[in-house]
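Please study the sequence and the structure shown here, then work through the exercises in order.

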Amino acid sequence: MKQLLTVTLLAVVAIAARSQEPAPQLRQLEQHLQELGYNVSHTQSTGNERGITHQWSALLTAYIIHPQSAIDSTKSEAWNRRVVEQYDSINRQRRQMMVNALDSIRLTFARLGKDASESYLYEYHKNGTDTIKYSLAFRRDDDTLQSFRYDNNVYFRNAIEVASFDYTHCNDNDGHGATDWGNYNHLYTIPNDNTWNGMQPFDYTAFEALIAPALKAAKKLKGVKAYPVYWRHDEGFDDELGPEGNLISKTVRYTGNTRKHYGLTTGTCYFIPKQHEEEANALYLQLDSLAHDYVDSHPEQYYTYSFSSGFFQNKLLDMLIGLDIKGDSSYELKTLADDDGFYILSINTRGELWIPRDWPRLKSYINGERVYLKGMKP
């Protein structure tokens, strides 16, 4: 069944009355998605003339495993039956989790759509193929909302608040399983008086001074170490990403129309051994609180703050990125956990930030040459 609903309605509530708060229905939905087990990320950033933008995002996936793919002809019938039952149980849990999420999302967008300046609901269901595309927006005061459509998606240029959801599910054609994929996004902009020309570079000196006491206190724990960071690549040199290359990420920077291909990153890497997990988590929350308080107090500076509940295993996360958008420098506060312990990166970059492979164990990276810390091996 193919269903296409297009609703364009003027908001029945005054947007000005809720100018400092996002739609409570969307925030409740995001809380529900968290409770179901999905990770809902939150970022806060400047650099938009209209104000400070908050974004909540969630990736909804459910990999459904075909039970027959697990059958082993060398095993007994009873063994294979138990495996199939286990797979069926896991599939039911994953499917129910996704169904609960879809029901909540569908209900929220349908109910909130009647109050939105514009809302679009699109669904297509046929022969095991499912597509859902929702979007809604609230206009800013008396502005005329600007929107355009592409491939049944609707995009908004000047809304004060936007929410969207894109979902696909396809038939299991290869006999191994199927994947449900959904992408939820919610953006809300708090207006302020800062203009593009009035924005200031991120004051990394002030921020580093703010977090210095917390990091200094952590260094008193047994086994905690602080290593200097020195990563450099010169104009004309290039390096590769991926398993065969020396890099795990590249950040391309421009000043005007000129790409800043060179890069020099300096700073400090703090390592906290696994035995101090409780103290490391407390430090994380302290740094997160300091970062959030700082950006809230400095809406005139360029930044992107990302909230997370703690360290992620084997994943380098951004807590704070500060930019000199009119120059070529940046500051970044990043975190990581692995089997050995916890890492906090406080780094400054001129030009492009290239993060080398094995960075927690490096003394330096210069044009592809990696020098390891004493006692560390490739």
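Two exercises with worked solutions follow.

The model is predicted, so local features need pLDDT of at least 70 and side-chain atom pairs count only at pLDDT 80 or more, while totals for chains, interfaces and linings use all residues. Residues are numbered from 1 along each chain as its sequence is written, and side-chain values use heavy atoms, with hydrogens and water left out.

**Exercise 1.** Describe the surroundings of H261.

*Solution.* Step 1: locate the residue. H261 lies in the loop between β13 (258-259) and β14 (263-273); strands are DSSP runs of E, at least two residues, numbered from the N terminus.

Step 2: decide whether H261 is buried or exposed. Its relative accessibility is 13%, so H261 counts as buried (under 20% relative accessible area, 1.4 Å probe, protein chains only).

Step 3: list the neighbours. Leaving aside residues up to four places away in sequence, H261 touches H233, D234, E235, G236, F237, E352 and W354, a contact being heavy atoms within 4.5 Å.

Step 4: compare sequence with space. H261 and E352 are 91 residues apart in sequence, yet their C-alpha atoms are 6.1 Å apart.

Step 5: examine the side chain. That of H261 reaches the backbone oxygen of F237 at 2.8 Å.

**Exercise 2.** State what kinds of residue line the largest pocket.

*Solution.* Step 1: sort the lining residues. They divide into 8 nonpolar, 10 polar and 4 charged. Here Ala, Val, Leu, Ile, Met, Phe, Trp, Tyr, Cys and Pro count as nonpolar, Asp, Glu, Lys and Arg as charged, and the others, Gly among them, as polar.

Conventions
Helix = DSSP H or I, 4+ residues; strand = E, 2+ residues; numbered from the N terminus. Buried < 20%, exposed > 50% of the residue type's maximum accessible area, 1.4 Å probe, protein only. Polar contact = N/O pair within 3.5 Å; in protein donor to acceptor, adjacent residues only side chain to side chain.
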